[in-house]
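Please examine the structure shown below together with its sequence. The paragraphs that follow lead through it step by step.

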Amino acid sequence: MKSKEAQQTPAIQVLERMFALLDVLAQHQDPVSLKALSESTGLHPSTAHRILNDLTLGRFVDRPEAGSYRLGMRMLELGNLVKARLDVRDAALPAMRELHKFTHQPVNLSVRQGDEIVYIERTYSERSGMQVVRAVGGRAPLHLTSVGKLFLASDDSPRVRAYATRTGLAGHTRNSLTDISALERELAMVRQRGIARDDEELELGVRCMAAGIYDDQAKLVAGLSISAPADRLEEGWVVRLKETAAQISTALGHRT
């Protein structure tokens, strides 16, 4: 069901028509003819033409040749300003706090740097019953962490094997995945389920689950994870975790 905001329409009719034209242009990489724009929006060609002319004056729309239109450079300039203002930590923190209230366990935000993940934010409380070993700024190998597996799963097979060669897939516990075949099977499941797990592979007694956070280019930019004592991690949290990661992705401009 759409939110109330999504159901509202602009009070000024010409703005509603302008938004409709911009939405159609955004769906095409190549220039779109006036006829196609008119048909897609239901606007009379003369009405569409007048609005597009005004948008062209403002550089919101380009007219590469007579009778065809595409989004203009002003849209790129404004988009870059918005993108520069967005920060994954700022976008994530309110949602992380809500997820922590739901689970009462540490919630972590991590990004990839080379062959490691770096923890850039964490919400937790003393009531979680788990000692927080890796503070903000801490690092861990990709193959031993749930978020790290998300990033490896986004790589192709040659890159995963190159990672394995560089790192030697060193383990930290008896559960660590130190064999490339086992790691590749694990990554295949990550791709299938959209969720990655750490089953006491980094620290004995601690399990994690993670979901990816994506930007406006559908690029994996961070991972959101829940850490808990091994006997307290609940499978029922998966849905809420994925919803929270999707919420943060949307704040970063990602559209499914």
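Is Leu76 buried, partly exposed or exposed? Leu76 is partly exposed, because its relative accessible area is 44%, where buried means under 20% relative accessible area, exposed means over 50%, and partly exposed lies in between, with a 1.4 Å probe and protein chains only. Leu76 belongs to helix α5, residues 73–85. In sequence Leu76 is 16 residues from Phe60, and in space the two are 8.8 Å apart, C-alpha to C-alpha.

Some conventions come next. The model is a predicted one, in which local features need pLDDT of at least 70, side-chain atom pairs count only at pLDDT 80 or more, and totals for chains, interfaces and linings use all residues. Residues are numbered from 1 along each chain as its sequence is written, and side-chain values use heavy atoms, with hydrogens and water left out.

The pLDDT, which is the predictor's confidence in each residue on a scale from 0 to 100, has a mean of 89 for the protein, and 89% of the residues reach 70 or more. Confidence is highest in α7, at a mean of 98, and lowest in helix α1 (residues 4–7), at 43. Over residues 1–7 the pLDDT is below 50, and this stretch has one contact in the model beyond near neighbours in sequence; a contact means heavy atoms within 4.5 Å. Where pLDDT is low, the predicted coordinates should not be read in detail.

The protein has ten helices and nine strands. These elements are DSSP runs numbered from the N terminus: helices are H or I runs of at least four residues, and strands are E runs of at least two. Of the 256 residues, 42% count as buried. Among contacts with a separation of 6 or more, 57% are between residues 24 or more positions apart.

The strands may be taken next. Strands of a sheet pair through backbone hydrogen bonds, either parallel or antiparallel. Two strands are taken to pair if DSSP finds at least two bridges between them. Strand β3 (residues 68–71) is joined to β1 by two bridges, and Ser33 has Ser68 as its bridge partner in β3. Three bridges link β2 and β3, and Asp62 stands opposite Arg70 in β3. The hairpin of β2 and β3 has two residues between the strands, and Gly67 takes a positive phi near 85° there.

A second hairpin is formed by β4 and β5, again with two residues between the strands; in its turn Gly114 has a positive phi of about 65°. Seven bridges join strand β4 (residues 107–113) to β5 in an antiparallel arrangement, and Ser110 has Tyr119 as its bridge partner in β5. Strand β5 is also joined to strand β6 (residues 139–141), by three antiparallel bridges, with Arg139 in β6 as the bridge partner of Val118. Strand β5 (residues 116–123) is mostly covered, as seven of its eight residues are buried.

Two further residues illustrate buried positions. Asp155 lies in the loop between α7 and α8 (157–167). Asp155 counts as buried because its relative accessible area is 15%. Not counting residues up to four places away in sequence, Asp155 touches Arg112, Val160 and Arg191. Thr244 lies in helix α10 and is buried, with a relative accessible area of 4%. With the exclusion of residues up to four places away in sequence, Thr244 touches Ala95, Leu99 and Leu224.

Finally, the second largest pocket contains about 280 Å³ of space. Of the 17 residues that line this pocket, the closest to its centre are Gly194, Ala211, Gly212, Tyr214 and Ala245. A pocket is defined on a 1 Å grid over the protein atoms alone, with a 1.4 Å probe, as an open set of points with protein on both sides within 12 Å along at least five of seven lines; lining residues have an atom within 4 Å of a point. Grid points are joined across faces, edges and corners, and a volume is the space filled by probe spheres set on the points. Helix α10 gives the largest share of the lining, five residues.
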